[in-house]
Amino acid sequence: MSKLTCKEKIDDRNRSWLELLNYVEASTSSESEKLDKLTQMVLPKFVARLVKEKEDKMMIEKDGLKSCHEVGVEGKQDYLTGKQKKQTTKGNKKKQKINNQRKGQDSEKLMEIGLEPPPDMPQVFQDYIRDLGGSEIKLVIQKFLQVTDLRSQQNRLSMSLKQIRSAFLSEDEERTLNAKRQMAVPLVEPCLSVSTVNLAKWSIRSSLSYIINGDYSKVLKNNRNSLKPNAVVQIWSFRIEPNSQLNFALIKVIDGEDGHVIN
């Protein structure tokens, strides 16, 4: 039997390593020939697998430059847990819709769809932040996205001070914003890409708001398939040493438009 024929016979994905060894042991008594046969049978497929894995990784990275893949859409169970998940499941059965006219208070609507109290940060984001060396994680705000939050021309995400849930700024940072200066803040996007945005404090219709702008339009572009009007999002803050750098994480909790809850 020729070497080619032998290879064709055993080059089978379902063959185990032990089966390959037994085949080679039975085919020759020479140790050098055994090694040569094993190399011929195993090495080409091993190299081909490494090449394919490298190509797949490069393709994923290339696609990521075009549009981030939103974390959690397929793994929807990451977003809501425990009692909140049960509440939203019940809401799904009733096919609850979010009123685009925003009648009533956001807090009441969030309660109606099972998002009060707010769900915890998804584990995938906790792990990612931990890998970055992050700590002091705080929920800054949970809100419905408005059209003004999504217009690239306006390039801003507003966070009304009336809706802020945790004090997340240091005294120096607060003084900077009160002096009408901006701060650069890294932001973890819904797809786990990281962009650097600016944080400012504005007066909008006689009400103070924290404003995320700068490269925020890039965040909108990266996540254009997931950030829609009436989606519920959370902004979390965390710190990274050695300088206690302020960071944000933007997390989508439920889909926009139809109000479908990710559970």
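## Two asparagines with positive phi

Asn155 sits in the loop between α7 and β2, where helices (H or I, at least four residues) and strands (E, at least two) are DSSP runs numbered from the N terminus. Its phi is positive, about 50°, although Asn155 is not a glycine. At 17% relative accessibility, Asn155 counts as buried; buried means under 20% relative accessible area, exposed over 50%, and partly exposed in between (1.4 Å probe, protein chains only). Asn230, found in the loop between α9 (216–222) and β6, also has a positive phi, near 75°. Asn230 is buried at 6% relative accessibility.

A quick word on the ground rules. This is a predicted model, in which local features need pLDDT of at least 70 and side-chain atom pairs count only at pLDDT 80 or more, while totals for chains, interfaces and linings use all residues. Residues are numbered from 1 along each chain as its sequence is written, and side-chain values use heavy atoms, with hydrogens and water left out.

## Prolines and cis peptide bonds

Let's turn to the prolines. Glu116 and Pro117 are joined by a cis peptide bond, with omega about 0°. Pro117 belongs to the loop between α5 and α6, and Pro118 lies in the loop between α5 and α6 as well. Pro118 is buried, with a relative accessible area of 16%. The C-alpha atom of Pro118 is 9.5 Å from that of Ile141, a residue 23 positions away along the chain.

Another cis peptide bond joins Glu241 to Pro242, here with omega about 15°. Pro242 is in the loop between β6 and β7 (245–254).

## Salt bridges

Side chains of opposite charge can pair when their charged atoms come close. Here a salt bridge is a side-chain nitrogen of Lys or Arg within 4 Å of a carboxyl oxygen of Asp or Glu, and the whole structure holds 7 of them. One of these pairs Glu116 with Arg165, whose closest N and O atoms are 2.5 Å apart. It links distant parts of the chain: Glu116 is in the loop between α5 (106–112) and α6 (123–132), and Arg165 is in the loop between β2 and α8, 49 residues apart. Glu116 is buried, with a relative accessible area of 18%, whereas Arg165 is partly exposed at 37% relative accessibility.

Glu173 is buried at 12% relative accessibility, and Arg239 is buried at 8%.

## Aromatic rings

Rings of Phe, Tyr and Trp (its six-membered ring) count as a pair if their centres lie within 6.5 Å; planes under 30 degrees apart are stacked, over 60 edge-to-face, and the rest tilted. By this rule there are 2 aromatic pairs. Phe168 and Tyr210 form one that is edge-to-face, with 5.3 Å between centres and 75° between the planes. Because Phe168 lies in the loop between β2 (157–160) and α8 (171–178) and Tyr210 in strand β5 (residues 207–214), the pair ties together parts that are 42 residues apart in sequence. Both Phe168 and Tyr210 are buried. Ring pairs link Phe168, Tyr210 and Phe248 into a cluster.

A ring can also meet a charge. The charged end of Lys109 sits over the ring of Phe144, 5.1 Å from its centre; to count, NZ of Lys or CZ of Arg must be within 6 Å of the ring centre and within 35 degrees of the ring normal.

## The largest pocket

The largest pocket has a volume of about 500 Å³. On a 1 Å grid over the protein atoms alone, a pocket is an open set of points where a 1.4 Å probe fits, with protein on both sides within 12 Å along at least five of seven lines; lining residues have an atom within 4 Å of a point. Grid points are joined across faces, edges and corners, and the volume is the space filled by probe spheres set on the points.

Of the 17 lining residues, Ser158, Ser160, Gln163, Arg205 and Ser209 are the closest to the pocket's centre. The elements giving two or more residues to the lining are β1 (134–144), α7 (147–150), β2 and β5, and β2 gives the most, with 3 residues. The lining divides into 3 nonpolar, 7 polar and 7 charged residues.

Definitions and conventions: Ala, Val, Leu, Ile, Met, Phe, Trp, Tyr, Cys and Pro count as nonpolar, Asp, Glu, Lys and Arg as charged, and the others, Gly among them, as polar.
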